[in-house]
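Subject: Structure for your files

Hello,

The structure we discussed is below, with the sequence. My notes on what was found in it follow.

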Amino acid sequence: MIISQLRIKNWRNFKQADVQLQDRVFIVGPNASGKSNLLDIFRFLRDLCRSGGLQDAVSVRGGLSKIRCLAARADSDVSIEVELIDRDKDCIDTWSYHLEIGQDDRKRPIVKSERVRRNDKPVVDRPDDEDHQDGFRLTQTHLEQVSANKGFRRIAEYLGSITYSNLVPQLLRYPESFAGPNIAGDPFGREFLGRLASAPANVRKSRLRKMSRALSLAVPQLSSLEFVQDKRGVSHLEAVYEHWRPRGAKQQEDQFSDGTLRLMALMWNLLDGESLLLLEEPELSLHQGIVRQLAPLIYSMQREKKRQVIVSTHSADLLSDPGIGAEEILMLHPSAEGTEIQRASDVEEIRILLEGGAFPPGDIVLPRTAPNADLMAQLEFAFSR
């Protein structure tokens with residue numbers, strides 16, 4: 001299953017947007033244009049499916065006023081609509097999920113509209129008669145209720161298993177140094193080793209074997225990677241590095257480089273699950289030679305897992321793969337009236353240049369989303385005063 005279309009209104013940076021999505025999507029744009037906020041739309045849909053549902057999903061983001069686009073005026077409700085294609089069966093199913101939220105006089109988020117369609121036939125259409133009789137029902141979506149989502153549970157399960165990955169190496173090395181509860185979904189990898197521990201032993205071993213082969217090409221002297229537990233039952237990743245000793249030397253995650261840890265997490269997440277995977281700037285801490293291989297790596301693993309991957313990036317190296325199509329790149333253009341989302345394939349000049357093959361995608365697309373020369377000159381002048 002993939003999300004094939006996204007429509008949003010008044011979501012953070014975006015006053016309005018309607019964009020098609022491919023199996024693989026690369027999001028580019030200047031700083032503060034909304035790349036993270038665009039990814040957060042899918043995290044929000046995931047959070048709706050978890051305990052706490054709508055109320056927690058809005059609360060953890062600071063309330064509806066923090067979600068609502070600053071460019072919103074008279075029509076200030078927030079809406080998200082996704083179209084999905086289910087290709088897991090002999091016949092293809094098409095779904096759509098629409099949610100519009102506002103708030104009541106107690107500042108609680110409430111459902112203004114919730115609709116589900118399957119092959120263009122209505123499954124859910126709210127508010128319904130029961131909602132009109134009991135307004136409190138509108139503080140919850142049907143998506144989050146097992147008793148209400150039976151007719152579209154396939155969608156609830158898919159959205160609820162969306163994964164976001166932006167591993168912070170220090171959290172993995174020193175989890176005991178960071179007090180407080182973990183963030184839902186573990187977006188920054190604090191419980192990464194716990195996820196490995198919970199995987200079936202045969203699945204874990206198979207994945208680590210694949211990762212080990214790839215890492216041996218990317219990380220100097222690394223020859224093997226294993227999952228081990230110490231005498232206290234604490235989980236560790238352990239790698240053997242070849243050197244003058246006949247059996248090499250073993251190191252664990254607290255000795256791995258930032259780039260090695262982020263690459264390990266990226267590979268595991270690509271292999272783990274079949275729902276949408278969100279990757280935020282996966283090029284961080286990695287050598288440009290490795291970054292150039294990320295797009296082909298994602299593609300090769302997609303052929304096996306058939307999962308959709310959406311990536312935000314600033315990296316020309318990541319976008320250097322000539323196999324990246326213009327329809328896979330979303331460009332963000334901020335303005336006083338909100339950020340516009342534009343597919344690179346909708347810009348004739350970009351499409352022609354990419355089809356010609358003379359330049360890699362990053363060299364064509366990234367300059368169109370970079371700060372202009374006048375702005376950079378002003379920035380240099382401001383720091384020189």
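In the hairpin of S6 and S7, two residues lie between the strands, and Asn-119 takes a positive phi near 50° there. This is a predicted model. Asn-119 is not a glycine, although its phi is positive. Its place is the loop between S6 and S7, and with a relative accessible area of 35% Asn-119 is partly exposed. Arg-118 has Lys-121 in S7 as its bridge partner.

The loop between S7 and helix H4 (129-133) holds Pro-127. The peptide bond leading from Arg-126 into Pro-127 is cis, with omega near 5°.

Arg-12 is another residue other than glycine with a positive phi, here near 50°. Arg-12 sits in the loop between strand S1 (2-11) and strand S2 (14-20).

Now the sheets. An open sheet of six strands has mixed pairing and the order S8-S12-S13-S3-S14-S15. Strand S8 (163-165) and strand S15 (340-343) each have a single partner strand, so they form the edges, and one side of each is left without a neighbour in the sheet. From one strand to the next, the twist averages 20°. Within this sheet, strand S12 (residues 277-280) and strand S13 (residues 309-312) run parallel, with four bridges joining them. Leu-277 is placed opposite Val-309 in S13.

- Helix H9 (residues 258-271) lies across S8, S12 and S13, and runs at about 160° to S12.

Is Ala-265 buried or exposed? Ala-265, which is found in helix H9, has 1% relative accessibility; the cut-off for buried is under 20%, so Ala-265 counts as buried. Leaving aside its neighbours within four places in sequence, Ala-265 is in contact with Leu-167 and Phe-192. Between the C-alpha atoms of Ala-265 and Gly-189 the distance is 7.9 Å, with 76 residues separating the two in sequence.

The other residue is Thr-260, also part of helix H9. Thr-260 is buried, at a relative accessible area of 5%. Not counting residues up to four places away in sequence, Thr-260 touches Val-219 and Tyr-241.

H9 also packs against a helix. H9 and helix H11 (residues 294-305) meet at an angle of about 25°, and their axes are 9 Å apart. Angles under 35 degrees count as roughly parallel, and H9 and H11 are therefore roughly parallel to each other. The crossing of H9 and H11 is right-handed. From H9, the contact is made by Leu-263, Leu-266, Met-267, Leu-270 and Leu-271, and from H11 by Leu-294, Leu-297, Ile-298, Met-301 and Lys-305. Sorted by class, the contact of H9 with H11 has nine nonpolar residues, no polar residues and one charged residue.

There is also an open sheet of three strands, with antiparallel pairing and the order S9-S10-S11. Which are its edge strands? They are strand S9 (222-229) and strand S11 (249-252), each pairing on one side only. Direction ignored, neighbouring strands of this sheet are turned by 30° against each other on average. S9 and strand S10 (residues 235-241) run antiparallel and are joined by seven bridges. Val-228 has His-236 of S10 standing opposite. Helix H8 (residues 201-218) lies across S9 and S10, and its run is at about 150° to S9.

Regards

Notes
Residues are numbered from 1 along each chain as its sequence is written. This is a predicted model: local features need pLDDT of at least 70, side-chain atom pairs count only at pLDDT 80 or more; totals for chains, interfaces and linings use all residues. Side-chain values use heavy atoms; hydrogens and water are left out. Two strands pair if DSSP finds at least two bridges between them. Axes are lines fitted to C-alpha atoms, for helices over the stretch in contact, and angles run from 0 to 180 degrees between N-to-C directions. Contact means heavy atoms within 4.5 Å. Buried means under 20% relative accessible area, exposed over 50%, partly exposed in between (1.4 Å probe, protein chains only). Angles under 35 degrees count as roughly parallel, over 145 as roughly antiparallel, 65 to 115 as roughly perpendicular and the rest as oblique. A crossing is left-handed if the near helix is turned anticlockwise from the far one by less than a right angle, and right-handed if clockwise. Ala, Val, Leu, Ile, Met, Phe, Trp, Tyr, Cys and Pro count as nonpolar, Asp, Glu, Lys and Arg as charged, and the others, Gly among them, as polar.
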